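Have a look at the fold before reading on.

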Amino acid sequence: IQKLQDTDEQEAVQKRTFTKWINSHLAKHKPPLEVNDLFEDIKDGVKLLALLEVLSGQRLPCEQGRQLKRIHWVSNIGTALKFLEGRKSVYRGSPIKLVNIHATDIADGRPSIVLGLMWTIILYFQIEELTSNLPALQALSNSNSSVDSTASCETGSPPMKRKVVTKFQGNAKKALLRWVQCTAAKEFGIEVKDFGPSWRDGVAFQAVVHAIRPDLVDMEVVRRRKNRENLEEAFSLAENELGIPRLLDPEDVDVDKPDEKSIMTYVAQFLKHYPNPKQSEGGGQQDECFHPPPPSLPSFHSAFREERKMLRELKVFVDQLERDLLRAQATEGSLTDKYQGFKNFHVQYEMKKKQTDQLLQPVHKEGKLSVDQAVVKQAWDRVSARLLDWHIHLDKSLPGPLGVVGAWLHRAELALREDIPLQHVHEETANVLHRKLEQHKTVILSFLPPYSQLRINTLLYHLCICFYALFCFDRL
């Protein structure tokens, strides 16, 4: 009974912590979103996909509407799970594995499964990515990934409570703990062995704040205070002075068995604020093992070689994707199979797009690309064009009027995506807008039949013109 009570208490703490973490990111979504009840509010998958979009910077397909049915919920959640499984662990380099996490369980709002999924997202998008950016912690990335989720079948557990337990094999957890030990605990002789009882008295939290802003904390005073006082002050200082969202409350930590995942989620946020040695201004000696070496000619050449290596690897990936794409287009099969094949390629394309955009940033002041960048860009643009052509061909192949609608949608999308050059003279810009509106009118009228529901068609036409005008005005 005690074991079940402890599990329920940990689930309650995780639910509160994860909800606050999610909302801190959903506030950046346009429009901002909010989760009130974690188990209920992600059932339809809409806010889950929005969270992944904010974290990844990528657009994901989503079924939306006021009256979504369960089939739409499962579809949205399935899209999110496939997206996660397509990502790679920073440490291990292989895809994230989601074991015992299914779309139907999330749609049912099963607490342990929802928490397991949220923990995987936090571990990958926050803890792994942030710890891997610390130069001295890269040596800890030799073991297996910490993002594998495994099913736990504990004796005596109720059969209806299937749990998802994340198996740590070093890496992110050890890296984060090592950062705390090296930057905060070592200076004051604090023993931090774990992400549980070691944090109960609040001294470790205060030491982490001190490592970032020594002027905020008097460690001698901290050692004489009670647990809850230290915890409350540490959380308040972090929120008000460092801008770190308050994910925990003192009563969540000042217990016999504090929740490890909740503490890790909170502590990892401090990594974003850890000062660069160039920017720190005295006060609080930092451990050298966590400071990158000063830039030098060898390090510049090393970074240049690394970038060239990444560009060449990307070129190999793009070339292989193009070959596979051509092979798939030539393969016989049903339209359903071809659409599924296209979708698989499009997922690979979108997953690589963020990295590609970063690598193709101009290196010269005048905005010119290097030779390697130009080669990769040419190959990438070629794959983009092939994917678009394939998509258009598939939409046009739809039976009956669906094919006509598909062709028209592509024409309309291309018209909306065209860049509008802004002129110095407002009359010239107005003329450009007028021409664009006329082109859009042509596209609309080419689709609307003159003989059917004239009033509805006219309304549709004017709505489209208004939306397009608003779009252009926003661009201005």
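## Inside the model

The structure contains one cavity of 30 Å³ or more (a cavity being a set of points on a 1 Å grid over the protein atoms alone where a 1.4 Å probe fits but cannot get out). This is a predicted model, where local features need pLDDT of at least 70, side-chain atom pairs count only at pLDDT 80 or more, and totals for chains, interfaces and linings use all residues. Residues are numbered from 1 along each chain as its sequence is written, and side-chain values use heavy atoms, leaving out hydrogens and water.

So what lines the largest cavity? I22, L26, I42, K47, L48, L51 and M118 do, with lining residues having an atom within 4 Å of a point. Helices here are DSSP runs (H or I) of at least four residues.

| Largest cavity | Value |
|---|---|
| Space | About 30 Å³ |
| Lining residues | six nonpolar, no polar, one charged |
| Top contributor | α3, three residues |

M118 also turns up in the largest nonpolar core, where M118, L38, I121, W199, F205 and F270 touch the most other members out of 80 residues. Such a core is a set of buried Ala, Val, Leu, Ile, Met, Phe, Trp, Tyr and Cys residues joined through side-chain atoms within 4.5 Å; buried means under 20% relative accessible area (1.4 Å probe, protein chains only). Helix α6 (residues 111-132) gives this core the most, 13 residues.

Beyond four places in sequence, M118 is in contact (heavy atoms within 4.5 Å) with F18, I22, L38, I42 and L48. A second, separate core has 17 residues, including V318 and F342.

Notes. Buried means under 20% relative accessible area, exposed over 50%, partly exposed in between (1.4 Å probe, protein chains only). Helices (H or I, at least four residues) and strands (E, at least two) are DSSP runs, numbered from the N terminus. On a 1 Å grid over the protein atoms alone, a cavity is a set of points where a 1.4 Å probe fits but cannot get out, and a pocket is an open set with protein on both sides within 12 Å along at least five of seven lines; lining residues have an atom within 4 Å of a point. Grid points are joined across faces, edges and corners, and a volume is the space filled by probe spheres set on the points. Ala, Val, Leu, Ile, Met, Phe, Trp, Tyr, Cys and Pro count as nonpolar, Asp, Glu, Lys and Arg as charged, and the others, Gly among them, as polar.
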